[in-house]
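Please read the points alongside the sequence and the coordinates.

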Amino acid sequence: MIPPGRALRLTIFTDDTDTWRHRPLYSEIVHRAHAAGLAGASVFRGVEGFGTTSIVHTTRLLSMTDDLPVTIVIIDTEERIRAFLPRLDDLLTESLAVLDEVEVVRPRDGRAQ
């Protein structure tokens with residue numbers, strides 16, 4: 001659980017076709033975050049976007065593509081996020097990773113409500 005207050009958000013932008021050793025890259029990142037004991041990680045699939053190639057990929061019917069944007073979001077304390085970053089060095093060769101400060105106002109404790 002992340003305590004209320006300041007935290008760091010790591011956001012990684014990649015494509016759903018990116019892989020690491022025949023496994024989706026986003027899945028490898030989530031599993032590494034879990035193994036590192038981070039508070040949590042979520043993967044969001046985009047419906048449209050473009051990156052360094054400037055080619056727009058979309059889910060619209062006439063332009064279906066399998067190269068859609070994927071975003072992985074991980075939030076934890078600054079210390080834990082910064083300690084985790086070196087574990088991603090071998091993965092993020094073609095992905096964009098950004099850090100920004102956030103404020104946790106209502107932590108989730110993982111217990112069923």
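1. Arg45 and Asp16 form a salt bridge, with their closest N and O atoms 3.1 Å apart; the term denotes a side-chain nitrogen of Lys or Arg within 4 Å of a carboxyl oxygen of Asp or Glu. Because Arg45 lies in strand β4 (residues 41–45) and Asp16 in the loop between β1 and β2 (19–20), the pair ties together parts that are 29 residues apart in sequence. Helices (H or I, at least four residues) and strands (E, at least two) are DSSP runs, numbered from the N terminus. Arg45 is exposed, at a relative accessible area of 52%, whereas Asp16 counts as buried at 17%. Here buried means under 20% relative accessible area, exposed over 50%, and partly exposed in between (1.4 Å probe, protein chains only).

2. The model is predicted: local features need pLDDT of at least 70, side-chain atom pairs count only at pLDDT 80 or more, and totals for chains, interfaces and linings use all residues. Residues are numbered from 1 along each chain as its sequence is written, and side-chain values use heavy atoms, with hydrogens and water left out.

3. A salt bridge also joins Asp90 and Arg32, at 2.8 Å from N to O. The pair links distant parts of the chain, 58 residues apart: Asp90 is in the loop between α2 (78–84) and β8, and Arg32 is in helix α1 (residues 25–35). Asp90 is partly exposed at 36% relative accessibility, while Arg32 is buried at 18%. Through shared partners, salt bridges join Arg23, Glu28, Arg32 and Asp90 into one network.

4. Glu101 and Arg6 form a salt bridge with their closest N and O atoms 3.5 Å apart. This pair connects strand β8, which holds Glu101, with strand β1 (residues 5–15), which holds Arg6, across 95 residues. Both partners are exposed: Glu101 has a relative accessible area of 51%, and Arg6 one of 67%. The count of salt bridges comes to eight.

5. The chain has two helices and eight strands, in the order β-β-β-α-β-β-β-β-α-β. Of its 113 residues, 33% are buried. Among contacts (heavy atoms within 4.5 Å) between residues at least 6 apart in sequence, 76% join residues at least 24 apart.

6. The chain exposes about 7900 Å², of which carbon and sulfur atoms supply 52%. Accessible areas come from the Shrake-Rupley method with a 1.4 Å probe; for residues, only the protein chains shown count as cover.
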